[in-house]
Amino acid sequence: MTSPTPALIDSKSNLALTKSDNSSGGLQAWLTVLGGSMILFCTFGAVQSFGVYQAYYSSHYLSQYVASDISWIGSVQTFLLFAGGLPAGKLFDEGYFHHCIGAGSLIYLFSIFMLSLAKPHQYYQIFLAQGIGMGIGMGLLFLPAISVTSHYFRRRRAAAMGVVLAGSSLGAVIYSIMLNNLFNGSAGFGWGVRAAGFIDLGLLGTANLIMKTRLPSRRERPNAKPVDIKAILSDLGFWLCVIGATLTFWGLFVPFFYLQVFSEDHGLSKNIGFYAIPVMNAASIFGRTIPNFLGDIIGPFNVMIPCTVISGGIMYLMFAATNLGGTIAFGILYGFFSGGFISLITPAAASFSRDLNEIGTRIGITSFVIAFALLTGNPIAGALAQVHGSYIWYRPLVFASVVVLAGAACLTASRSILSKRKNTNIL
């Protein structure tokens, strides 16, 4: 049997790309979305539940360390999750999707079980397992799990990505409640982490089996037009979008890291404090789905920018989270609107792509730059919050609000440039 010629392969590729413009679902499409949700459940869900670790480490495992030192563990983990998007995006475009999620799953699972063996007051053990090891695994898993939805959806791409990202909120809810109860119950830290690890094992194994790519990779299309990196790097509108996203992420996760510590510092019982983060993440499930369905109708920028402005404004409502009602109200509002930004920034960045082949590269660049904000934002907030052993909460909240609102301004300017380029306000 003779092998297909490059021209024939490229012809099939063009046909697949043309058909993908009208693709809007199917069984394999939704199985891939389900698998992506499972991956986000395990990875980004763990990132969003780090506040549980922050509170437990502060009072037990790493009690001799200040909040800023402890938050570096979660920040490095989050940094590697997003920074890994640059190499993972390139590998995804070259057709190494299954290699990425397979290797990422193995590294992540090995690291979480190593975390369960970490001893109290051994900062380096926790940092290596949770910050470095789990972070590298997340980096290989995160972007391919989101980007592969572009193979199956165009008209409803934002909605599909929202469903994938909603998996992270569901994971954060379940992990936050489960880990709080296990860490502070008879199971303890080690078996609490192992319980999460066994859940991850089942979900990541299933995701590897059911997810599939649809379009031929660049390796299978030798005549495919190469990605124009120079054009991407000189795209002012795209870079304003990246800068806006970076500023927003610099402050956006401060409540996710510190709400439980804040509520307990203001006298709320641990039973109430335990549920502060799950409430916020439960609201984020709706924030990552409802705005996305609306974004497919009126455009991701038109929904994302108001969500970002509102998130920056209601940051100050965290001052009211000193009782049960205030904690729940803040958690619901902030979880919903911050979720709207998180789920829409990916399709917004992808909307600058002139070709489907650019999507992985553009999202990878965006993720890589965002990673530096996520690396530094929460440690800065921790350093601002804790002075000589006591907390001064207005300082990190003002910092977070200002940078989120500055990000919204950059996103507005980015939208204006894209609107002129595409001659439409539906963006």
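**Entry 1: Ser37**

I looked up Ser37 to begin with and found a relative accessible area of 12%, so I noted it as buried, the cut-off being under 20%. I keep in mind that this is a predicted model. Ser37 belongs to helix α2, which covers residues 27-42.

What does the side chain of Ser37 reach? I found the backbone oxygen of Val163, at 3.1 Å. I then set aside the neighbours of Ser37 within four places in sequence, and the contacts I noted were Val163, Val164 and Gly167.

**Entry 2: α5 and α19**

Next I turned to a helix pair, α5 (residues 67-83) and α19 (residues 359-385). Their axes lie 8 Å apart and the packing angle is about 170°. I wrote the two down as roughly antiparallel, because angles over 145 degrees count that way.

I went through the residues that meet here. On the α5 side they include Trp72, Phe79 and Phe82; on the α19 side, Phe368, Phe372 and Leu375 are among them. How many nonpolar, polar and charged residues does the contact of α5 with α19 have? I have 13 nonpolar and seven polar in my notes, with no charged residues.

**Entry 3: α15**

Last, I checked the length of helix α15, residues 276-287. Its twelve residues should span 16 Å at 1.5 Å a residue, and the end C-alpha atoms are 17 Å apart, so the two values agree.

Which residues of α15 are buried? My list reads Ala276, Ile277, Pro278, Met280, Asn281, Ala283, Ser284 and Gly287.

Note on methods
Residues are numbered from 1 along each chain as its sequence is written. This is a predicted model: local features need pLDDT of at least 70, side-chain atom pairs count only at pLDDT 80 or more; totals for chains, interfaces and linings use all residues. Side-chain values use heavy atoms; hydrogens and water are left out. Helices (H or I, at least four residues) and strands (E, at least two) are DSSP runs, numbered from the N terminus. Buried means under 20% relative accessible area, exposed over 50%, partly exposed in between (1.4 Å probe, protein chains only). A polar contact is a pair of N or O atoms within 3.5 Å; within protein, one must be able to donate a hydrogen and the other to accept it, and residues adjacent in sequence count only if both atoms are side-chain atoms. Contact means heavy atoms within 4.5 Å. Axes are lines fitted to C-alpha atoms, for helices over the stretch in contact, and angles run from 0 to 180 degrees between N-to-C directions. Angles under 35 degrees count as roughly parallel, over 145 as roughly antiparallel, 65 to 115 as roughly perpendicular and the rest as oblique. Ala, Val, Leu, Ile, Met, Phe, Trp, Tyr, Cys and Pro count as nonpolar, Asp, Glu, Lys and Arg as charged, and the others, Gly among them, as polar. The expected span of a helix is 1.5 Å times one less than its number of residues.
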